[in-house]
Amino acid sequence: MLEQIEFTTKNILSKTNNFSPIVGIILGTGLGGLVKEITVEYTLPYEDIPNFPISTVEGHKGKLIFGELGGKKVMAMQGRFHFYEGYTMQEISFPVRVMKALGVKTLCVSNACGGMNPNFEVGELMIINDHINLFLSNPLIGKNEPSLGPRFPDMGETYKKTYVNLAKEIAKENNIKVSEGVYAGLTGPCFETPAEYRWLWRIGADVVGMSTVPEVIVAKHSGIDVFGISIVTDLGVEGSVQTVTHEEVMHIANLQEPKMTLIMKELVKRI
Ligand code: HPA
């Protein structure tokens, strides 16, 4: 893995005139709009980056963008990789290893998710304060490379508290309603059965989705601080579980995206 990280990093540096980002951004389904706020300097399609997988999902564009956002040098993944596409946990999170090698100190992630918390509404913005890994796998399985991070990383404050509070402050200043809660990550690609939503709520998750956890585990392993934000695109609330389609998920995510973009942009500015 070290050789792959080094090879990919060198390749990117050679194509970006040694651009060194301090913030990494991963944009979820229908949430690529933040890119419009970035003063773009370089765009690399995933297919031109050695060792990068290619995103196969509608709503995920598949480009790595380098530029400036809120006065900071950032790199943004417009489109991410999922376990259900057939990639391994290591492949999904490989871009985060490359981010670290390029100099990233903070990772901002967004996603679309289903909500189990009965207080949530469709379109709700939730700042992630913790996660539950239900992929039944882990990107750190296998030989640990000590230069990348510890064998047994602590996960006590995976989503940095100061970012959670800062995001809530920014939301308040801008009259945006946000909640805070726990994201359960599982493989998909099925949406959940009513019994699964009920179980997820009972074990302490507020929302559920098919991403984020692998990338965040690798960020934490690498010593990168994490900020995460979810948009609730459908509800799996006991007694009123709705039918979910990918089209509806993208539609709601697109509608709510400007609010998420504002919070993320302002947060990047202030960190
Ligand atoms: N479940 C899992 N992933 C999702 C959902 C959901 O209800 N909505 C958007 N992504």
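**View 1. The ligand sits in the largest pocket.** A molecule is taken to sit in a cavity or pocket if more than half of its atoms lie within 2 Å of its grid points. The structure is a predicted model in which local features need pLDDT of at least 70 and side-chain atom pairs count only at pLDDT 80 or more, while totals for chains, interfaces and linings use all residues. Residues are numbered from 1 along each chain as its sequence is written, and side-chain values use heavy atoms, with hydrogens and water left out.

**View 2. The shell around the ligand is formed by A112, C113, G114, F191, E192, Y197, V208, G209, M210, T233, D234 and V249.** By class, the shell has seven nonpolar, three polar and two charged residues. Here Ala, Val, Leu, Ile, Met, Phe, Trp, Tyr, Cys and Pro count as nonpolar, Asp, Glu, Lys and Arg as charged, and the others, Gly among them, as polar.

View 3. Of the 260 Å² of accessible area that the ligand has on its own, the protein covers 96% (Shrake-Rupley method, 1.4 Å probe; for residues, only the protein chains shown count as cover). Two or more shell residues come from each of β5 (106-115), β8 (207-209) and β9 (225-235), and β5 gives the most, three. Helices (H or I, at least four residues) and strands (E, at least two) are DSSP runs, numbered from the N terminus.

**View 4. The largest pocket has a volume of about 320 Å³.** On a 1 Å grid over the protein atoms alone, a cavity is a set of points where a 1.4 Å probe fits but cannot get out, and a pocket is an open set with protein on both sides within 12 Å along at least five of seven lines; lining residues have an atom within 4 Å of a point. Grid points are joined across faces, edges and corners, and a volume is the space filled by probe spheres set on the points. The lining of the largest pocket has 24 residues, with T29, A112, F191, M210 and V249 nearest its centre. Elements giving two or more of them are β5, β8, β9 and α6 (246-270).

**View 5. The second largest pocket has a volume of about 240 Å³.** Of its 18 lining residues, M1, K143, N144, E145 and L148 lie nearest its centre. The largest share, four residues, comes from α2.

**View 6. A cis peptide bond joins G188 and P189, with omega about 0°.** P189 lies in the loop between β7 (178-185) and α4 (194-202).

Note on methods: Near = heavy atom within 4 Å.
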